[in-house]
Amino acid sequence: MTTATAHTQRWRKALMRTTRRVSLLPNYRRSGRVVRATGMVIEVVGLQVAVGSACRIELPGADGRLGESAHHAEAEVVGFSGDKLFLMPLEEISGLMPGARVSPLVDGAGHSARRFPVGEELLGRVLDGNGNPLDDREGIDEVPRATLHTAPLNPLSRAPIDTPIDVGIRAINALLSVGKGQRMGLFAGSGVGKSVLLGMMARYTQADVIVVGLIGERGREVQDFIDNILGPEGRRRSVVVAAPADTSPLQRLQGAAYATRLAEGFRDSGRNVLLIMDSLTRYAMAQREIALAIGEPPATKGYPPSVFAKLPGLVERAGNAERGGGSITAFYTVLTEGDDQQDPIADSARAILDGHIVLSRSLAEAGHYPAIDIEASISRAMNAVATDEQINRARTFKQLFSRYQRNRDLISVGAYSPGHDPRLDEAVNLFPELERFLQQRIDERATLEASRQALANVVGG
């Protein structure tokens with residue numbers, strides 16, 4: 001085949017692909033116009049599209065005119081009232097004018113054109129809430145794409161949580177054992193070491209793939225988490241989705257849904273996935289911003305009802321697939337304002353998760369790391385993944401630790417005298433070992449077997 005013939009064939013194939021794409025386009029284009037913009041919400045009339053659909057808003061170009069120099073901004077329909085649609089842009093826009101044209105983003109079949117990159121090619125990459133790369137590596141135009149929505153799994157078809165997973169943290173492995181497919185909450189105020197603890201789990205957990213969703217965090221923390229906490233080893237088998245605090249609330253919501261969608265894709269291919277979401281509270285706050293902006297009335301401490309409907313919808317997507325399939329073991333951080341464990345988001349999250357790990361500010365201030373409040377923490381799946389011996393030892397450990405803590409004031413002022421309470425005497429004698437057991441260096445890995453053996457060495461029997 002001559003060079004000219006091969007060149008002609010390439011052009012012919014390219015022309016056929018273009019013709020096929022053009023043939024899928026509708027014969028006409030629907031559009032509406034902007035009639036009001038207040039705060040984050042843009043009101044549009046003359047357009048009928050479903051809630052959740054993506055739209056494109058026409059903005060003037062650098063010369064201040066529409067037409068050839070115009071550019072566009074993406075927005076999503078978040079509600080409607082009568083013939084008015086409420087749109088929220090995915091990023092801050094400037095130059096919006098009254099009467100600006102708004103058109104739906106649809107494909108040839110009339111479906112939303114928004115597709116997000118998924119699959120193996122994303123391992124090691126850092127993406128934003130729209131699926132665009134934030135790192136300085138090659139583009140991802142050729143990566144397969146999918147929508148964020150997936151059909152919910154039948155709860156009766158899910159595999160049970162019956163296999164322990166090694167997270168590399170001694171206190172969790174031994175006293176709060178986690179199973180594959182479990183969803184745990186990490187409850188903490190600001191500055192008590194939750195991000196560092198998550199980074200240790202990301203490096204040490206025995207999982208095929210790690211998906212990290214950094215939702216609503218400071219931009220500096222995103223870089224710090226990737227470089228210093230996740231590290232090169234963790235990053236190689238990870239996908240990081242970052243929607244920092246300076247992004248729109250819609251993009252923060254989308255970032256959490258996108259991270260979960262990535263984890264679902266790996267799970268459906270038979271992988272065991274570790275999903276880390278930091279934080280679930282910022283996700284709830286983003287939904288609150290959107291709901292209040294479109295007029296939904298506040299309910300519990302300023303949170304509209306839709307917030308408490310969104311949380312289980314996100315969390316329930318994690319977990320085990322059908323028997324013999326993959327799994328998503330998820331850790332969600334929950335910020336407790338003022339260390340208040342009865343915060344409405346914390347209380348709601350505790351009800352829908354399979355356990356919670358509480359970090360204590362007083363322990364963190366005393367240099368105790370990780371600052372896990374072992375008395376306030378629980379794993380609801382531990383009985384299904386741990387042996388009877390480990391469960392009994394963990395119960396003994398907690399009883400001794402709790403007995404000492406309840407009498408700490410008496411002991412510290414010298415009012416305690418041994419011989420009156422044998423159980424308290426045992427707790428006082430063992431407390432230094434109990435405290436050492438709960439502490440762990442950041443660069444130290446405690447395997448599941450080593451954690452169980454260490455527990456047996458401390459409490460025996």
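Start by selecting helices H11 and H13: at about 110°, they are roughly perpendicular to each other, a label that covers angles of 65 to 115 degrees. H11 spans residues 388-406 and H13 spans residues 422-438, with their axes 8 Å apart. Helices here are DSSP runs of at least four residues, strands of at least two.

A word on what you are viewing: the model is predicted, local features need pLDDT of at least 70, side-chain atom pairs count only at pLDDT 80 or more, and totals for chains, interfaces and linings use all residues. Residues are numbered from 1 along each chain as its sequence is written, and side-chain values use heavy atoms, leaving out hydrogens and water.

Next, select the barrel. Here 6 strands close up in the order S1-S2-S5-S4-S3-S6, with antiparallel pairing; two strands pair if DSSP finds at least two bridges between them. From one strand to the next, the twist averages 45°. Zoom in on S3 (residues 54-59) and S4 (residues 71-81), which 6 bridges join. Ile57 sits opposite Ala73 in S4.

For the last stop, pick Arg183 in strand S10, residues 183-188. Is Arg183 buried or exposed? Arg183 counts as buried because its relative accessibility is 10%, and buried means under 20% relative accessible area with a 1.4 Å probe, protein chains only. A polar atom of the Arg183 side chain lies 3.5 Å from the backbone oxygen of Val315. Beyond four places in sequence, Arg183 also contacts residues including Tyr332, Leu353 and Asp354.

Definitions and conventions: Buried < 20%, exposed > 50% of the residue type's maximum accessible area, 1.4 Å probe, protein only. Polar contact = N/O pair within 3.5 Å; in protein donor to acceptor, adjacent residues only side chain to side chain. Contact = heavy atoms within 4.5 Å. Axes fitted to C-alpha atoms, helices over the stretch in contact; angles between N-to-C directions. Parallel < 35°, antiparallel > 145°, perpendicular 65-115°, else oblique.
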